[in-house]
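Subject: Structure handover and notes

Hello,

The structure is below, followed by notes on what was found in it. Please read the notes with the model open.

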Amino acid sequence: MLALTSAITVAVLGLKEMPGSERKKVSYIMQTFVKGARLGKYTLAAVISGVASLVALGTVPALATPTGGFAAFANCPVNNPAVIDCTVATTSSGEFVVGNKTVPIKHTITLQGGLTVNPETGVVTFVEATNGETLSKTPQTVPGGLVGIEGLGGEVTATSELAGPASSIVLNTESLLTGTGTALSLPVKLKLGNPFLGNHCYGGSNAHPIVLNLTTGTTSPPKPNKPISGSPGTTTTEEEGEIIVASGTSLVNNSFAAPGVEGCGLVPFLVDPLVDLGFGVPAGAGHNTAILDGTLKLTSAEAVRAHTP
């Protein structure tokens with residue numbers, strides 16, 4: 001583990017003298033991480049106690065839009081009593097390398113929702129955003145399109161979509177902030193967009209997702225890929241310490257495999273092989289890369305409720 005990161009330092013300073021009633025407004029998962037950093041381990045009993053106390057509150061009515069900096073968490077399912085924290089992660093740059101195509105991220109991708117903690121394992125799991133867009137469907141332009149495929153003209157886009165329920169996403173806050181292990185496990189499928197390709201042209205599926213095990217540390221990919229490094233970024237706080245912000249984060253993975261496409265065009269059994277050829281897929285592990293650069297915000301569900309009219 002890194003020597004006290006800026007995140008821990010900020011959180012310790014903010015929590016040290018904070019009254020118990022106010023601590024509920026600070027990310028519960030971060031509180032547990034801070035305690036664990038000071039003690040050398042996670043205080044699982046505290047997590048269990050926190051979950052139990054929140055469940056005891058029961059379901060609360062639907063809420064209006066939160067105010068101030070908490071507006072970013074408007075789609076957090078705070079009416080779910082099991083939800084302890086809320087998170088919003090925006091990816092504003094980076095790239096996907098799939099087969100022989102490099103797709104730069106030029107349009108912001110948003111990952112958002114609530115967070116629960118398994119009282120037995122301490123694993124943090126996503127709960128679906130209230131607007132149904134846990135992972136935004138944000139098309140990115142494929143440079144050069146799919147040149148060489150007869151009849152396929154115009155722009156081609158690639159859109160990463162969540163492959164499965166929100167609960168299939170796993171976030172490890174400790175790994176995110178320390179650069180060790182998998183910080184975010186994200187199952188996705190890649191939709192290719194173009195009038196010729198139709199609406200069902202995908203690489204990966206809910207049944208067979210592309211699983212991105214992203215780290216802020218250094219990867220150990222199979223050859224020919226070489227290790228690359230992410231970054232935990234710089235951590236600060238907003239709204240008097242109630243929102244934790246990790247900016248300049250870089251999540252990376254270059255050890256995943258990319259499958260061939262399915263469902264492309266009017267006659268998929270003819271079109272799919274052409275698209276595979278154009279993208280260079282299927283592409284085994286060691287030939288693909290995901291780099292997601294952006295910002296992550298974390299707060300407690302209690303704070304969102306407290307700042308909602």
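Two strands count as paired if DSSP finds at least two bridges between them. Helices (H or I, at least four residues) and strands (E, at least two) are DSSP runs, numbered from the N terminus. This is a predicted model: local features need pLDDT of at least 70, side-chain atom pairs count only at pLDDT 80 or more, and totals for chains, interfaces and linings use all residues. Residues are numbered from 1 along each chain as its sequence is written, and side-chain values use heavy atoms, with hydrogens and water left out.

Hairpin and salt bridges

Strand 11 and strand 12 form a hairpin with four residues between them. In the turn, glutamate 239 has a positive phi of about 50°. The pairing of strand 11 with strand 12 (residues 243–253) is antiparallel and runs over five bridges. Glutamate 238 has isoleucine 243 as its bridge partner in strand 12.

Glutamate 238 pairs with lysine 297, with 3.6 Å between the closest N and O atoms. This pair links distant parts of the chain, with glutamate 238 in strand 11 (residues 234–238) and lysine 297 in strand 14 (residues 289–300), 59 residues apart. For burial, the cut-offs are under 20% relative accessible area for buried, over 50% for exposed, and partly exposed in between (1.4 Å probe, protein chains only). Glutamate 238 is partly exposed at 30% relative accessibility, and lysine 297 is partly exposed at 23%.

The other salt bridge joins glutamate 302 and arginine 305, whose closest N and O atoms are 3.4 Å apart. Glutamate 302 and arginine 305 are separated by about one helical turn because they are three residues apart in helix 7 (residues 301–306). Glutamate 302 is partly exposed, with a relative accessible area of 26%, whereas arginine 305 counts as buried at 18%.

Nonpolar cores

A nonpolar core here is a set of buried Ala, Val, Leu, Ile, Met, Phe, Trp, Tyr and Cys residues joined through side-chain atoms within 4.5 Å. The largest has 48 residues, of which Leu111, Leu184, Leu192, Leu197, Leu212 and Val275 touch the most other members. Strand 8 (residues 184–193) gives this core its largest share, five residues. Apart from it lies another core, of 13 residues, including Val83, Val88, Ala301 and Ala303.

Other sites

Lysine 191 is placed in strand 8. Among its contacts are Thr157, Glu161, Asn199, Cys201 and Tyr202. The C-alpha atoms of lysine 191 and cysteine 201 are 5.8 Å apart, with the two residues 10 apart along the chain.

Serine 175 sits in helix 5 (residues 173–178) and is buried, with a relative accessible area of 8%. Serine 175 touches Thr180, Gly181, Thr182, Ala183 and Thr216.

Regards

Terms used
Contact means heavy atoms within 4.5 Å. A salt bridge is a side-chain nitrogen of Lys or Arg within 4 Å of a carboxyl oxygen of Asp or Glu. Lists of a residue's contacts leave out its neighbours within four places in sequence.
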